[in-house]
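Here's a quick briefing to read with the model open beside you.

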Amino acid sequence: MKKSLFVSSGKYLQIKNFVKPELCQKWQKRILSDRKYWSPGFSGWTYGLAWYVLIEHGNLHLYHHQAKSLNQRIQKLPQYLEVMKSASRYLVGPQGQRDLPVRSRVQNLGPYWSLSGFHINLNAGDGEIHADYEGLSPYPEMLFHSKTRAYSAVLSLSVPDQGGGLFLWEKRHRADQPMKLSKKDKRYLSYEVGDLTLFDSFLYHQVEGSKSKKNFRITAVMHFLYREKPYPHWEYWF
């Protein structure tokens, strides 16, 4: 059976060599040189503010306060935002729509939201099992609607010496459904530099622990949500 070139509800998709390693290296160099702008989060750091990290740390006010200035730094990465936004061409909407336009959450909700960002780890244990629900909180009704379409995009910029992949359970759970995970639904997704991984944000997943002497695990992240107004589009944020 031929594998789909699109990712739809309850599914995932990996695209090898989505970005050339040379461009990933260029972004990595800029990120490492900008270390004073990293924020602590999840056994490592973020570059650019992650909504879910700041919520869990009780610092939501800092997210909204600093989003604009850190967005300006992210926008200086050559080609970065355009590359990440282009991942939307692989997404399928609730009526099977493809190739929808994209709008940032900044455009939709104001200048207090991050556009995209990076997770940075050197050595870390396995992360918590979770689904990417928190980013839907501005639209709480969408947390519980079966027709909601939200996706997470993860691009690998640098891989550790050991581990650093993703465990994913290929069974969709709305936010009002109890977490019931089985081994038959569990998948392991490895990352190489330049690989893009897309998955339904309603799928539970877990970042694999990593070990490395000097190589950071760096992943770029952008989330997408289907919105009807002011026209059908993918809203994106971090």
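Strand 5 (residues 117–121) and strand 13 run antiparallel and pair over five bridges; strands here are DSSP runs of E of at least two residues, helices are runs of H or I of at least four, and both are numbered from the N terminus. Two strands count as paired if DSSP finds at least two bridges between them. This is a predicted model, so to speak of local features we need pLDDT of at least 70, side-chain atom pairs count only at pLDDT 80 or more, and totals for chains, interfaces and linings use all residues. Residues are numbered from 1 along each chain as its sequence is written, and side-chain values use heavy atoms, with hydrogens and water left out.

**Strand 13 and its partners**

- Glycine 117 has valine 221 of strand 13 as its bridge partner.
- Strand 6 (residues 150–158) also runs antiparallel to strand 13, joined by eight bridges, and there alanine 153 sits opposite methionine 222.
- Strand 14 (residues 233–237) pairs with strand 13 in the antiparallel sense over five bridges, with tyrosine 226 partnered by tryptophan 234.
- A hairpin of five residues links strand 13 to strand 14.

**How enclosed is strand 13?**

- Eleven of the eleven residues of strand 13 (residues 217–227) are buried, so the rest of the structure largely encloses it. Buried means under 20% relative accessible area, exposed over 50%, and partly exposed in between (1.4 Å probe, protein chains only).
- In a regular strand, side chains alternate between the two faces of the sheet.
- Both faces of strand 13 are covered: one side includes Val221 and His223, the other includes Met222 and Phe224, and they are buried.

**Nonpolar cores**

- The largest nonpolar core has 39 residues, and Trp27, Tyr80, Phe118, Leu155, Leu157 and Leu198 have the most contacts inside it. Such a core is a set of buried Ala, Val, Leu, Ile, Met, Phe, Trp, Tyr and Cys residues joined through side-chain atoms within 4.5 Å.
- Strand 13 gives the most to this core, with five residues.
- Another core, of 13 residues, lies apart from it and includes Phe167 and Leu225.

**Aspartate 195**

- Aspartate 195 is in the loop between strand 9 (186–189) and strand 10 (196–200), and counts as buried because its relative accessibility is 2%.
- Leaving out residues up to four places away in sequence, aspartate 195 touches Ile15, Lys16, Asn17, Val154, Leu155 and Ser156; contact means heavy atoms within 4.5 Å.
- A polar atom of the aspartate 195 side chain lies 3.1 Å from the backbone nitrogen of asparagine 17.

Key:
A polar contact is a pair of N or O atoms within 3.5 Å; within protein, one must be able to donate a hydrogen and the other to accept it, and residues adjacent in sequence count only if both atoms are side-chain atoms.
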